[in-house]
Amino acid sequence: MQRFSGKGVYGAVAVGAAKVLRRQQTSVNRIHIDDPERELQRVKTAKEKATAQLIEIYKKALEEVGEDHAQIFEIHMMMLDDEDYTESIENIIKTQLVNAEYAVSVTSDEFSKMFRSMDDAYMQERSADVRDISNRLIACLSGADSNSLHADEKVIICADDLSPSETVTLDKSKVLAFVTAFGSSNSHTAILARSLNIPAVINAGEEFLNAVKEGDRLIVDGHTGELIIDPDEQTSDHYLEIQKRDEHRKALLGQLKGKPDITKDGREIKVYANIGGTDEIDAVLANDAGGIGLFRSEFLYLANDTSPTEEQQLAAYKKVLERMKDKKVIIRTLDIGADKQVDHLGLEKEDNPALGLRAIRLCLKRPEIFITQLRALYRASVYGKLGIMFPMITSVSEVEKCLAACEQAKKELKAEGIAYSEDVELGIMIETPAAAMISDRLAPMVDFFSVGTNDLTQYTLACDRQNAKLEEFVDTHHEAVLRLIEMSAQNAHKHGAWIGICGELAADTTLTEKFLAMGIDELSVSAPFVLVLRDTIRKTDLST
Amino acid sequence: MKSFSYTIKDELGIHARPAGNLAKLAKSWKGTSITIEKDGKSVDAAKLIMLMGLGVKCGDTVNVTVEGPDEDNAVKEVEGFMQANL
């Protein structure tokens with residue numbers, strides 16, 4: 001048994017036999033020619049043939065993965081027809097008097113080098129497109145058929161890399177999973193695997209490809225990116241179990257898609273998803289969540305060396321709102337403290353960051369950060385149904401300051417003639433005992449509460465949640481925490497606000513009935529838990 | 001000659017898909033030259049590979065210049081395209 005790991009791009013497990021595809025190095029010889037006109041004519045003919053092939057691939061992709069993903073092949077056709085690309089090939093033939101294959105190969109190297117040297121991962125990946133069209137052109141020139149893959153039974157494809165056209169032309173009824181040694185999550189293989197719902201792991205490394213042999217029994221875990229060659233029985237069983245769970249989830253999806261989340265006795269509750277970045281929207285939609293109950297905005301601040309600009313933030317917020325269409329999206333403002341090292345925020349080291357200058361405290365002390373984020377949020381509000389919530393609230397005056405900051409952001413936008421929506425819901429996190437205790441005072445100020453159970457538990461029980469030694473003292477079902485939630489729910493409803501739970505406790509199905517009885521209006525959990533939770537709700541009967 | 005500047009709002013910048021559509025649009029205006037300039041480097045918008053090679057990202061400001069017999073209509077279409085897609 002040997003273990004390797006890469007990056008999982010589609011969360012599902014496959015167990016089966018490996019089929020190893022090593023690309024034969026299509027070495028191209030440099031041959032001196034006497035008749036450049038003849039070579040130019042050969043290029044022209046090969047281009048026509050390659051374009052005809054791409055039209056066929058485009059049609060196949062259109063059927064299998066839809067127009068959005070198929071468009072890459074239309075772009076391939078345009079690249080093939082690009083003036084600079086064609087000119088480069090023709091110039092090399094004319095000035096160096098060399099064969100067409102060689103001219104294409106040199107041009108391919110030059111253009112793919114240009115993309116590889118760009119400082120943007122997405123654009124670097126485009127060098128694969130240049131190589132893909134060039135290899136196709138060379139194959140057409142030399143009369144070789146592009147190598148299609150044949151297999152008699154279902155296999156796991158293991159390759160150094162797969163070009164977009166190879167991925168589409170594969171006979172998918174024979175493919176259990178893809179594993180590539182290289183590639184990135186921006187590669188078309190990754191994008192196509194996701195839209196085809198095929199387990200895939202990329203970037204598994206050269207060592208994996210050297211270790212795996214044709215016909216080896218292989219486990220591919222698209223959730224974690226783990227790869228196991230020749231697994232022992234125990235490991236096999238473990239993964240077959242996960243596979244069963246995935247299938248259960250899929251079956252649930254079939255049953256629950258589009259159905260309301262309502263108990264047997266008719267009490268309705270919303271089930272939303274938590275996300276930490278725009279790359280998780282696919283999972284939210286795939287699990288049929290009713291909205292996004294917590295969008296952590298921290299990733300925008302952690303990803304770069306500088307604070308995200310208003311435009312950068314707007315792009316991310318707009319994307320999530322547009323993709324969720326008319327479903328609610330609740331974005332939490334920056335929730336960061338000294339426990340995270342973010343150089344551009346210049347946070348001083350603290351002895352006790354959990355009780356330190358963090359979250360809303362930091363934002364209120366640094367209005368330039370706060371107002372920039374609020375402006376971006378309000379600008380994005382015209383693209384969907386937005387809610388904004390503020391973390392780590394402990395007092396009435398903090399909420400007053402947050403609301404004033406929102407007014408300031410709106411006033412600025414209005415003065416600049418920039419559109420925003422007036423229907424943005426404003427809410428606060430209930431994650432300190434203080435906020436729960438004065439929830440009767442806070443509720444009239446806002447549209448909603450969202451209970452962050454992880455912090456609420458840590459602050460109520462005085463237990464550091466990072467400290468593994470405290471495990472026996474952290475009772476996540478502690479009555480004190482549950483009473484604080486219930487108290488907040490009663491106060492919210494008394495003042496016309498709604499209340500949700502977005503911490504880990506929301507996914508704990510042993511508490512679902514209790515939360516329903518308290519009158520909780522919304523539960524927000526990470527995407528993989530959405531369907532299981534919805535199933536639990538629909539089986540609950542509060543009248544018995 | 002007509003020109004305008006535009007700040008990219010799409011999260012991925014001028015990536016493959018909009019670049020392909022922009023190049024297609026630029027090509028459709030035969031006899032009119034449409035150039036995109038970023039940081040002093042300018043490319044013909046009809047040339048897809050160079051357009052992608054410009055590496056225009058979210059937040060970047062580009063200058064678009066349109067020159068030709070039908071520049072008034074062309075500039076309107078290009079500006080509309082960018083506002084809707086980028």
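In this predicted model, helix 1 and helix 5 of chain A cross each other in the right-handed sense. Helix 1 of chain A covers residues 36-80, and helix 5 of chain A covers residues 127-141. The two pack at an angle of about 135°, and their axes are 9 Å apart. Because of that angle, helix 1 of chain A counts as oblique to helix 5 of chain A.

The contact can be followed residue by residue. From helix 1 of chain A come A:R42, A:A46, A:K47, A:K49, A:A50, A:Q53, A:H76, A:M79 and A:L80. Helix 5 of chain A answers with A:D129, A:V130, A:D132, A:I133, A:R136, A:L137, A:C140 and A:L141. Sorted by class, the residues of this contact are nine nonpolar, two polar and six charged.

Further along chain A there is a barrel. Eight strands of chain A close into it in the order 9-10-11-12-13-14-15-16, and the pairing is parallel. From one strand to the next, the twist averages 25°.

One pair of strands shows the arrangement in detail. Strand 12 of chain A, residues 385-390, pairs with strand 13 of chain A, residues 425-430, in the parallel sense over four bridges. At one of these positions, A:F390 has A:I428 in strand 13 of chain A as its bridge partner. A helix also lies against the sheet: helix 21 of chain A, residues 530-539, packs on it and touches strand 9 (270-275) and strand 16 (522-526) of chain A. The direction of helix 21 makes about 165° with that of strand 9 of chain A.

Now turn to chain B. Chain B has three helices and four strands, and along the sequence they follow the pattern β-α-β-β-α-β-α. The chain has 86 residues, of which 43% count as buried. Among contacts in chain B with a separation of 6 or more, 69% are between residues 24 or more positions apart.

The last step is to see where the two chains meet. Here 20 residues of chain B are in contact with 25 residues of chain A. On the chain B side, the elements that give two or more residues are helix 1 (16-28) and helix 2 (48-53) of chain B. Helix 2 of chain B supplies the largest share, five residues. By class, the chain B side that touches chain A divides into eight nonpolar, six polar and six charged residues.

Key:
Residues are numbered from 1 along each chain as its sequence is written. Chains are lettered from A and ligands numbered from 1 in the order in which they are written. This is a predicted model: local features need pLDDT of at least 70, side-chain atom pairs count only at pLDDT 80 or more; totals for chains, interfaces and linings use all residues. Two strands pair if DSSP finds at least two bridges between them. Axes are lines fitted to C-alpha atoms, for helices over the stretch in contact, and angles run from 0 to 180 degrees between N-to-C directions. Two residues are in contact if their C-beta atoms, placed from the backbone, lie within 7 Å. A residue is buried if 20 or more other C-beta atoms lie within 10 Å of its own, exposed if 12 or fewer, and partly exposed in between; C-beta atoms are placed from the backbone. Ala, Val, Leu, Ile, Met, Phe, Trp, Tyr, Cys and Pro count as nonpolar, Asp, Glu, Lys and Arg as charged, and the others, Gly among them, as polar. Angles under 35 degrees count as roughly parallel, over 145 as roughly antiparallel, 65 to 115 as roughly perpendicular and the rest as oblique. A crossing is left-handed if the near helix is turned anticlockwise from the far one by less than a right angle, and right-handed if clockwise.
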